[in-house]
Amino acid sequence: LFNPKSFIMKKISLVTAAITALFAIDANAQADNNDINTFSQALTVDVPTLAMLDIEDASGAEVSAITLDLTDVTKEAGVYEFESVETSPMWLNYTSVVADGQLRNITVGFDQNANDFPSGVKLVLNQSTFTADNGTLGTAAGTIEVKPTDVSVPVITGIGSVYTGQGQKGLQFTYSLAEDGNFADYKAGTYNSTLIYTISGI
């Protein structure tokens, strides 16, 4: 049966809902109706610190293993010239992003857990050119000597935010050997050890 009272109540409910929706639309329009000829946005740029390095040859390939073959040492009765054997040039490439007031160093040393090195000699890093694409390159230590007991010999100090570039960029160097102590301790054999380069502050 038709109920006039129920019909009227439904119409009132529908009208009320429509009016409420209109007020909500109008309120939203008024809330966004404040645009002017400028607009501001909050912007955050997060720059993390960064430190990475590798060693590459002239072709840009990483040099993960080197050999000093003393078979080719200058041999003449009465002399033994360690310095006559030298590796091909390599380049120490690195990238660094530092915090304000922060500086980094690069060091080299022997891994004491993987260190079988001939007695009577020391390793020599013969440093040459030193360039970077952009930034605070730091200061190279020059030619340095690394003994089997050394774990942290400075190679470059005072590095800021910098990228050296890849391949023939950064620090150019070669390896050779030099006499160290009593030649009587120098014995024939094949020796295997590991060098570790570290950039500080990571």
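**Strand E12 and its surroundings in a predicted model**

Of the 10 residues of strand E12, 9 are buried, so this strand is largely enclosed by the rest of the structure. The model described here is predicted, and the strand in question covers residues 170-179. Of the 202 residues of the protein chain, 27% count as buried. Among the contacts between residues at least 6 apart in sequence, 77% join residues at least 24 apart.

The pairing of E12 with other strands was examined next. E12 and E6 pair in the antiparallel sense over 9 bridges, and within this pairing Phe 130 has Leu 171 of E12 as its bridge partner. E4 is also joined to E12, by 3 bridges, and these two strands run antiparallel; here the bridge partner of Trp 91 is Gln 172 in E12.

The loop between strand E11 (162-163) and E12 contains Gln 166. Gln 166 is exposed, because its relative accessible area is 68% and a residue counts as exposed when this value is over 50%. Although Gln 166 and Trp 91 lie 75 residues apart along the chain, their C-alpha atoms are separated by 8.5 Å. When neighbours within four places in sequence are left aside, Gln 166 is in contact with Glu 56 and Asn 93.

A further group of strands forms an open sheet of 4 strands, in the order E8-E10-E5-E13 and with antiparallel pairing. The edge strands of this sheet are E8 (139-140) and E13, each of which pairs on one side only. E8 is joined to E10 by 2 bridges, and the two strands run antiparallel; in this pairing, Ala 140 has Ile 156 of E10 as its bridge partner.

Attention then turned to the interior. In soluble globular proteins, nonpolar side chains tend to be buried together. In the present model, the largest nonpolar core holds 31 residues, of which Leu 92, Ile 106, Leu 125, Val 155 and Tyr 197 touch the most other members. At least two residues of this core are supplied by each of E1, E4 (90-97), E5 (104-115), E6 (121-131), E9 (144-146), E10 (153-159), E12 and E13. The surroundings of Leu 125 can be listed individually: with residues up to four places away in sequence not counted, Leu 125 touches Val 108, Gly 142, Thr 143, Ile 144, Val 146, Phe 173, Thr 174, Tyr 175 and Tyr 197.

Empty space was considered last. Rolling a probe the size of a water molecule over the atoms shows where empty space is left. The largest pocket has a volume of about 830 Å³, and of the 31 residues that line this pocket, the closest to its centre are Ile 66, Thr 67, Leu 68, Tyr 191 and Ser 193. The elements that give two or more residues to the lining are E1 (50-56), E12 and E13 (193-199), and the largest share, 4 residues, comes from E13. By class, the lining has 19 nonpolar, 7 polar and 5 charged residues.

Notes:
Residues numbered from 1 in each chain as written. Predicted model: local features only at pLDDT ≥ 70, side-chain atom pairs only at ≥ 80, totals over all residues. Heavy atoms only, no water. 1 Å grid on protein atoms, 1.4 Å probe; cavity = no way out; pocket = protein on both sides within 12 Å on 5 of 7 lines; lining within 4 Å. Points joined across faces, edges and corners; volume = space filled by probe spheres on them. Nonpolar A, V, L, I, M, F, W, Y, C, P; charged D, E, K, R; others polar. Core = buried A, V, L, I, M, F, W, Y, C linked by side-chain atoms within 4.5 Å. Buried < 20%, exposed > 50% of the residue type's maximum accessible area, 1.4 Å probe, protein only. Contact = heavy atoms within 4.5 Å. Pairing = 2+ DSSP bridges.
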